[in-house]
Amino acid sequence: MAEHAKLADVFERFATQQAAGKSPLYEALSHTVARTSELLDLAAGTRPGQPAPNMLFGAVHHLLRGGVQHPLASYFTGHEDLDEARAGTLLTDFCRRHAERIRLIIATRSVQTNEVGRCAVLLPAFAALQQRLDDDRLIRIVDVGASAGLNLLWDRYTYDYGGHRIGLPASDPETVLSCEIKGGTPPLSLDVARFVRPVGIELSPVDITDPEATEWLVSLTWPEQTTRMRTLDRALAQAVRTPPTILAGRAEDHLADVVTETPLDRHLVLVFSWSIYQIFGSPGGRERLVGILAELSRHRPLHEVSIGHFGHTTPRVIMASHDGGVSRSDVVAHCDVYGTWLHWLASADRSNTDGRQNP
């Protein structure tokens, strides 16, 4: 029962810290799971290292989107006003009826959310990096934990920062990522031509030509977030037309190879967007990553852009450099998990050399 209590706490925290204010449905359903023994038993089948709430609700959403008929569907489609007690009862019934299918999904799949909206946070970071790298050398981006590789296509999207619209040379005018600037003045001007040969690293890349695989990505979005779903659909269509390059396998196995094979006359930028904890574990994942990058930097300078919570309630953007075994990092912004807002810090010159992010 101790395991049940621990998992119940995970769902309660998901309800109050993640779903509250963003998904009334998942907030209500999380409370139901937290107090229902058979649902906790089912959720316990999630693979180690995977977030049980996302997996359980993603599996339910996946089955409903796949055509499984059940009264619960009306809440996922928004066709019925939320009645928390009834929604909880329907979830329990749905999971009881389809327990085996749910078990199979959560035991074999993982959360590989490819949140395209985060590109609206990455673009200012890339612009700031280009300003720091004031030479004319080309820049190569490596997205570590790339999922389907959609964030490698950041130059294919159109950006709207509080009414200030940015179209890049290859932007799709219909795929618009909106981001509110809550503070500071982020750099938004960059020379896209300097960014060449991007590549992703992913343990199990999402096959963008497989409808079942891409449908799972869509199912991981929350029911109320219809704009996210539409943006994801458009980004997937972009990827089908011009597929991103992704190396399949463990990050630890590929990082050294990428460092070695990237020409020395190019800047190498490693990007981690909420992927550090999955790859290097938590807590202490970032410290382990910094150790690896510091060691690799004995062969060549490396640059890093990382987005995540890093032990804080509000996510933050870290820009770091690793050179000759020494690591320096700055927290340059606070942001939203989905990239819907950004607070650029006016002063990002607070550096340290011990591998820890600044508060």
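**Entry 1: a charged pair to start**

I began at Arg 250, which is partly exposed at a relative accessible area of 42%. For the scale, I took buried as under 20% relative accessible area, exposed as over 50%, and partly exposed as in between, with a 1.4 Å probe and protein chains only. I was working on a predicted model, where local features need pLDDT of at least 70, side-chain atom pairs count only at pLDDT 80 or more, and totals for chains, interfaces and linings use all residues. Residues are numbered from 1 along each chain as its sequence is written, and side-chain values use heavy atoms, with hydrogens and water left out.

What does Arg 250 meet in a salt bridge? I found Glu 252, at 3.9 Å from N to O. A salt bridge here is a side-chain nitrogen of Lys or Arg within 4 Å of a carboxyl oxygen of Asp or Glu. Glu 252 is partly exposed too, with a relative accessible area of 34%.

**Entry 2: other salt bridges**

I looked up the total: the structure holds 21 salt bridges. One of them joins the side chains of Asp 336 and Lys 22, at 3.6 Å from N to O. This pair links distant parts of the chain, 314 residues apart. Asp 336 sits in the loop between strand S10 (326-335) and strand S11 (341-344). Lys 22 sits in the loop between helix H1 (2-19) and helix H2 (24-34). Helices (H or I, at least four residues) and strands (E, at least two) are DSSP runs, numbered from the N terminus. Asp 336 counts as buried at 8% relative accessibility. Lys 22 is partly exposed at 34%.

Next I checked Arg 298. Its salt bridge is with Glu 295, and the closest N and O atoms are 3.2 Å apart. Arg 298 is exposed, with a relative accessible area of 53%. Glu 295 is partly exposed, at 46%. I also noted a network of salt bridges that links Asp 135, Arg 137 and Arg 194.

**Entry 3: the whole chain**

The C-alpha atoms fill a box of roughly 60 × 45 × 40 Å along the principal axes.

Buried residues make up 56% of the 359 residues. Of the contacts with a separation of 6 or more, 69% come from residues 24 or more positions apart. Contact means heavy atoms within 4.5 Å.

**Entry 4: the cores**

How many residues does the largest nonpolar core have? I read 92. Phe 11, Ile 102, Trp 154 and Tyr 159 have the most contacts inside this core. Helix H8 (residues 119-132) gives the most to it, with 10 residues. Another core lies apart, of 21 residues, among them Ala 251, Val 258, Leu 270 and Val 331. A nonpolar core is a set of buried Ala, Val, Leu, Ile, Met, Phe, Trp, Tyr and Cys residues joined through side-chain atoms within 4.5 Å.

I followed Ile 102. Leaving aside neighbours within four places in sequence, its contacts include Leu 42, Leu 56, Phe 94 and Cys 95. I then turned to Leu 56, in helix H4 (residues 52-65). Leu 56 counts as buried, at 0% relative accessibility. Beyond four places in sequence, Leu 56 is in contact with Phe 11, Val 33, Leu 42, Ala 43, Ile 102 and Ile 106.

**Entry 5: a loop**

I looked at the loop between strand S1 (138-144) and strand S2 (157-161), where Ala 148 is found. Is Ala 148 buried or exposed? Ala 148 is buried, at 1%. Ser 147 is in the loop between S1 and S2, and counts as buried at 3%. Beyond four places in sequence, Ala 148 has contacts including Asn 114, Val 206 and Leu 217. Among the contacts of Ser 147 are Asn 114, Val 206 and Leu 217.

**Entry 6: confidence**

Last, I checked pLDDT, the predictor's confidence in each residue, from 0 to 100. The chain averages 90, and 94% of the residues score at least 70. Over residues 348-359 pLDDT stays under 50. Where pLDDT is low, the predicted coordinates should not be read in detail.
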